[in-house]
Amino acid sequence: MNEQELERLLRESGDRYRIPPEPRLDAIWRRVEHATFDAPAPVVRRPWLGPLALAATLVIGVGLGFGASRLGFGSRSVEPAEPVVASAPAPNPFVGVAGDYLQQTSALLAAVSHDPSGDAFIPGAIDRARELLSTTRLVLDAGITDPALRDLLEDLELVLVQIVRLPQNRPAADAQLINETLDQRDVMPRLSLFLTNASLAP
Amino acid sequence: MDHNPEAGLITRVLGGDRLAARELYDTHARRVYRVIYRLVGDDVLAEEFTQDTFVKVFRGLAGFRGHSQLGTWIHSVAVTTTMNGLRTLRRRSTREFALETAADMPAPSRTVEPDLKDRLTAAIDALPEKFRVPVVLHDIEGFTHAEISSMLGVPEGTCKTRLMHGRAKLRQVLAPFQGVGGTEVPS
């Protein structure tokens with residue numbers, strides 16, 4: 001086969017190689033619009049860091065300091081967060097945002113893990129997981145360097161991806177994989193401990 | 001950005017005009033989704049990465065200087081987001097996702113030989129990522145080497161070399177099927 005024949009075949013393969021389904025452009029737009037324009041601050045003026053990511057980094061980073069020491073991860077401080085704290089004009093309003101994110105994630109995972117059969121899968125769980133997945137990625141994109149915090153967030157992201165990928169009829173085998181991930185990585189205990197420590201932080 | 005025909009639209013978006021943002025999104029979203037889907041082969045991930053792409057686009061739009069077409073820049077963000085996302089998921093996953101399984105599997109054996117195009121699509125899937133991406137972007141999606149170079153953040157020569165190697169591997173796989181042009185049988 002010569003180069004020209006291959007090029008022709010490749011051009012023609014555009015008609016059959018991974019043909020995308022009709023995209024849900026309106027649904028995607030709603031989430032983009034929410035993440036971009038409904039954030040606490042005009043994010044287009046801070047392209048280097050989304051406000052939500054900033055907020056979550058602040059709160060989670062401080063919380064991890066408590067959590068990491070109690071979990072035996074060492075006395076590593078949350079160095080990246082400190083200069084941001086100093087420059088943030090008003091961090092307090094963001095505390096609720098990050099706390100809500102963690103609590104909502106915890107609640108969703110608890111509901112999913114308590115429903116191994118999938119028969120009574122909570123309505124809207126997949127949409128909720130999709131929203132939380134976006135938030136998780138924004139937080140991760142904020143450049144968190146603490147390995148313990150990053151591990152927890154990456155595990156949360158993995159589980160949320162698994163939930164998002166569940167088909168509407170939710171086969172029990174797929175649901176079981178989610179539970180296995182939660183168990184193998186001790187996601188729920190780590191998340192609970194983290195929430196507790198964060199709530200105790202002054 | 002002054003000479004960019006989309007400068008007015010960008011200015012409106014930066015001013016907080018949601019209608020302008022939706023106009024920008026509508027102009028590019030379908031193609032972005034298609035390109036991402038070609039790279040990941042999964043509608044859920046394609047949707048997620050499309051969403052992440054446009055969030056990053058709107059957040060980074062103030063930094064766009066018009067050195068390339070807006071569409072090229074948006075696709076650069078899309079490809080970077082997609083490749084980073086895939087690597088993160090692969091690194092983290094305890095089980096193989098369907099998309100990885102599909103990409104690594106040989107073509108299914110059949111009693112009737114698949115036609116050449118079926119074999120080609122399976123061969124593209126089986127290419128290593130660094131060869132598959134240039135093949136998909138250039139030969140299937142029709143982007144230029146300059147555009148792909150910008151998207152992947154590699155020199156144009158590297159892009160051409162990867163495409164050449166990708167095509168060579170495809171020819172190697174397809175030659176026995178067609179019975180001409182090669183003697184090596186893929187393992």
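A residue is called buried if 20 or more other C-beta atoms lie within 10 Å of its own, exposed if 12 or fewer do, and partly exposed in between, the C-beta atoms being placed from the backbone. This is a predicted model, in which local features need pLDDT of at least 70, side-chain atom pairs count only at pLDDT 80 or more, and totals for chains, interfaces and linings use all residues. Residues are numbered from 1 along each chain as its sequence is written, and chains are lettered from A and ligands numbered from 1 in the order in which they are written.

**Exercise 1. Describe helix α2 of chain A: its span, its buried residues and what they pack against.**

Step 1. Helix α2(A) covers residues 25–37, 13 residues in total, and reaches 17 Å from its first C-alpha to its last. That is close to the 18 Å expected at 1.5 Å a residue, the expected span being 1.5 Å times one less than the number of residues.

Step 2. I28(A), R31(A), V32(A), A35(A) and T36(A) are the buried residues of α2(A). Seen down the helix axis, they fall within an arc of 125°, so they line one face of α2(A). The arc is that of the directions from the helix axis to the C-beta atoms.

Step 3. The face of α2(A) turned away from the buried side carries the exposed residues D26(A) and R30(A).

Step 4. The buried residues of α2(A) pack against α6 (125–141) of chain A, together with α2 and α3 of chain B.

**Exercise 2. State how many residues each chain gives to the contact between chains A and B, and which elements of chain B take part.**

Step 1. Chain B contributes 48 residues and chain A contributes 43 residues.

Step 2. On the side of chain B that touches chain A, the elements giving two or more residues are α2 (18–40), α3 (43–60), α4 (70–92), α6 (116–126), α7 (129–140) and α9 (156–178) of chain B. The largest share, 13 residues, comes from α3(B).

Step 3. By class, this side of chain B has 21 nonpolar, 11 polar and 16 charged residues. Ala, Val, Leu, Ile, Met, Phe, Trp, Tyr, Cys and Pro count as nonpolar, Asp, Glu, Lys and Arg as charged, and the others, Gly among them, as polar.

**Exercise 3. Characterise the packing of α1(A) with α6(B).**

Step 1. Helix α1 (residues 3–13) of chain A packs with α6(B) at an angle of about 85°, and their axes are 10 Å apart. Axes are lines fitted to C-alpha atoms, for helices over the stretch in contact, and angles run from 0 to 180 degrees between N-to-C directions.

Step 2. α1(A) is therefore roughly perpendicular to α6(B). Angles under 35 degrees count as roughly parallel, over 145 as roughly antiparallel, 65 to 115 as roughly perpendicular and the rest as oblique.

Step 3. L9(A), E12(A) and S13(A) of α1(A) meet L116(B), K117(B), L120(B) and T121(B) of α6(B). This contact has three nonpolar, two polar and two charged residues.

**Exercise 4. Locate R18(A), and decide whether R18(A) is buried or exposed.**

Step 1. R18(A) lies in the loop between α1 and α2 of chain A.

Step 2. R18(A) counts as buried because 21 C-beta neighbours lie inside 10 Å.

Step 3. Although R18(A) is not a glycine, its phi is positive, about 45°.

**Exercise 5. Find the buried residues of α8(B), and the residue that follows this helix.**

Step 1. In α8 (residues 145–152) of chain B, the buried residues are E147(B), I148(B), S150(B) and M151(B).

Step 2. Down the axis of α8(B), these buried residues fall within an arc of 160°, so they line one face of the helix.

Step 3. G153(B) follows α8(B) and has a positive phi, near 70°.

Definitions and conventions. Contact = placed C-beta atoms within 7 Å. Helix = DSSP H or I, 4+ residues; strand = E, 2+ residues; numbered from the N terminus.
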